[in-house]
Amino acid sequence: MKTRFRWFFLLVVLTSVISGCVIPHMPMPTDPSNPLKRVAVLPMKNDTDDVDGPNVVRQKIVEALTRRSYVVMDLKESDQILRDRMGINLGGQLELTTPQKLGETLGVEGVLYGTLMDFDETTTGVYNARKVRGMFSLVNTATGQTIWARGLGVKTEQGTSSGASALVKLGARAADARDKEAPWVILSSTTTNQSAKDSFVMGLGAKLLTKAVGIHLDYESKELARLVTDNLGWGPGTGAAPAAPAAIKIAMPEIKAPAPPSFGYMDWEGKKDFYAVVHSVSLNKSDNKSWVMDAPLWITGPKMKMEMDMTKMMEASGAKDASQSPMSKMTMLNRGDKKTGYTLYPNAQKYMVHTAAEQQDEKPKVEKTKVGSETIDGHPCDKYKVVITYKSEKPQEGFIWNARDLGGMTIKSEVENKDYKMTTELKKIVLKSSPASVFEIPQGYTESKDFMEIMMSAQQKEK
């Protein structure tokens with residue numbers, strides 16, 4: 001049981017990594033003569049069918065302006081003022097007022113207008129494309145003068161090696177070429193040797209997955225914001241600074257995300273039957289943010305069940321409608337008596353089967369040295385320093401606390417490196433054998449052969 005628990009730690013770390021690491025940026029040039037000391041990015045007019053698209057692109061525009069040394073008003077603050085003082089909730093309502101009035105109400109020298117023209121993904125198998133396009137303008141609120149305006153579209157495309165795919169791609173590009181007002185930039189164009197069917201399945205799967213975790217068209221939106229503002233003059237910055245040269249290129253060094261510890265060690269093998277709540281806290285030292293998960297756990301003989309609800313973690317990572325995502329809730333069933341395991345997805349009423357061969361975990365080398373004795377939640381424990389070594393990984397060091405009154409069961413584990421600290425404890429421990437029904441698949445669940453089927457089932461339920 002100790003090695004099989006390792007995946008739990010990796011899952012917690014993965015979720016924290018998905019939330020995004022803040023990468024420090026080198027100082028950007030400024031233009032102190034720029035009169036737009038503070039800018040508000042207004043709600044975007046939405047000419048698409050996607051309700052989330054305007055907010056996604058708007059946030060990317062804020063980030064792009066910040067990188068160009070503009071001081072941007074907080075979106076929540078500007079939205080509340082627009083709503084409470086002017087009755088404006090949508091970008092389409094901005095035509096009812098003037099830039100001067102907006103500047104006076106918001107207390108800013110500049111306002112940025114935007115219209116989202118495209119925010120969609122075409123998935124046919126023969127030709128898959130991801131497209132984001134918009135028109136933007138920056139207006140001086142003192143004069144009402146537009147000081148910058150630009151339209152642009154970006155797309156990534158993928159086709160098969162068939163002649164039909166090439167024709168569809170040429171047709172799509174010809175249609176795009178007619179959009180002179182907001183011309184298209186192709187970010188990437190790839191060709192796959194997959195069949196049209198496989199390309200369709202893979203494309204649809206990627207679309208559903210990115211929507212589930214709240215990053216749909218995130219890359220394209222970020223690139224649109226970056227490219228469309230690349231000819232915008234530098235902002236004044238937050239204080240006095242040397243004037244920016246007409247053009248400057250700064251090579252940003254590649255900064256790799258910090259590596260979290262990949263170790264998790266809880267020794268329950270051959271111990272007592274019990275129920276408990278696994279309380280896990282993962283601390284990212286770079287931003288001092290913690291991710292907390294409480295997972296009910298049942299162990300009876302060779303049977304194990306763990307329920308995980310990652311809704312709050314996904315919401316904190318920016319995922320939309322996380323509670324409805326098939327990934328937000330999972331139940332792991334390990335039936336050692338049948339040499340079979342199952343992953344249940346309650347939101348989709350689906351499960352996947354894992355054979356003994358698929359579940360086989362590498363057993364690590366474990367070095368354990370007693371360093372003291374402590375009492376944890378009323379349980380007298382022996383504290384050990386442990387070094388865990390997997391073949392393909394660097395050794396991980398940490399501490400475990402084994403309860404003497406529970407047959408040496410590990411009830412606390414702690415490990416850290418320079419980037420992360422992870423602590424796991426067993427809470428609410430009850431020594432008991434659980435009924436057989438606890439380890440059965442609930443009625444109403446149907447088997448899925450792969451994760452793609454689960455994602456498609458979830459989308460059909462939404463419709």
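A salt bridge is a side-chain nitrogen of Lys or Arg within 4 Å of a carboxyl oxygen of Asp or Glu. By this rule the count comes to 18 salt bridges. The model is predicted: local features require pLDDT of at least 70 and side-chain atom pairs pLDDT 80 or more, while totals for chains, interfaces and linings use all residues. Residues are numbered from 1 along each chain as its sequence is written, and side-chain values use heavy atoms, with hydrogens and water left out.

**Exercise 1.** Examine the salt bridge of Glu 223 with Arg 226 in terms of sequence separation and accessibility.

Step 1. The closest N and O atoms of Glu 223 and Arg 226 are 2.6 Å apart.

Step 2. Both residues lie in helix 7 (residues 218-228); because they are 3 residues apart, about one helical turn separates them.

Step 3. Glu 223 counts as buried at 12% relative accessibility, whereas Arg 226, at 41%, counts as partly exposed.

**Exercise 2.** Locate the partners of the salt bridge between Arg 335 and Glu 440, and name the network of salt bridges to which they belong.

Step 1. The side chains of Arg 335 and Glu 440 meet at 3.3 Å, N to O. This pair links distant parts of the chain, 105 residues apart: Arg 335 is in strand 10 (residues 329-335), and Glu 440 is in the loop between strand 17 (420-430) and strand 18 (446-447).

Step 2. Arg 335 is buried, its relative accessible area being 4%; Glu 440 is partly exposed, with 39%.

Step 3. Salt bridges link Arg 335, Asp 337 and Glu 440 in a network.

**Exercise 3.** Characterise helix 3 by its span, its two sides and its ends.

Step 1. The expected span of a helix is 1.5 Å times one less than its number of residues. The 12 residues of helix 3 should therefore span 16 Å, which agrees with the 16 Å between its end C-alpha atoms.

Step 2. Leu 75, Ser 78, Ile 81 and Leu 82 are buried in helix 3. These residues cover an arc (of the directions from the helix axis to the C-beta atoms) of only 135° around the axis, so they are on the same side of helix 3. On the other side, Lys 76 and Asp 84 are exposed.

Step 3. The buried residues of helix 3 pack (contact meaning heavy atoms within 4.5 Å) against strand 1 (39-41), helix 2 and helix 4 (99-106).

Step 4. At the start of helix 3, a side-chain oxygen of Asp 74 comes to within 3.1 Å of the backbone nitrogen of Lys 76. Gly 87 follows helix 3 and has a positive phi, near 70°.

Technical notes:
Helices (H or I, at least four residues) and strands (E, at least two) are DSSP runs, numbered from the N terminus. Buried means under 20% relative accessible area, exposed over 50%, partly exposed in between (1.4 Å probe, protein chains only). A polar contact is a pair of N or O atoms within 3.5 Å; within protein, one must be able to donate a hydrogen and the other to accept it, and residues adjacent in sequence count only if both atoms are side-chain atoms.
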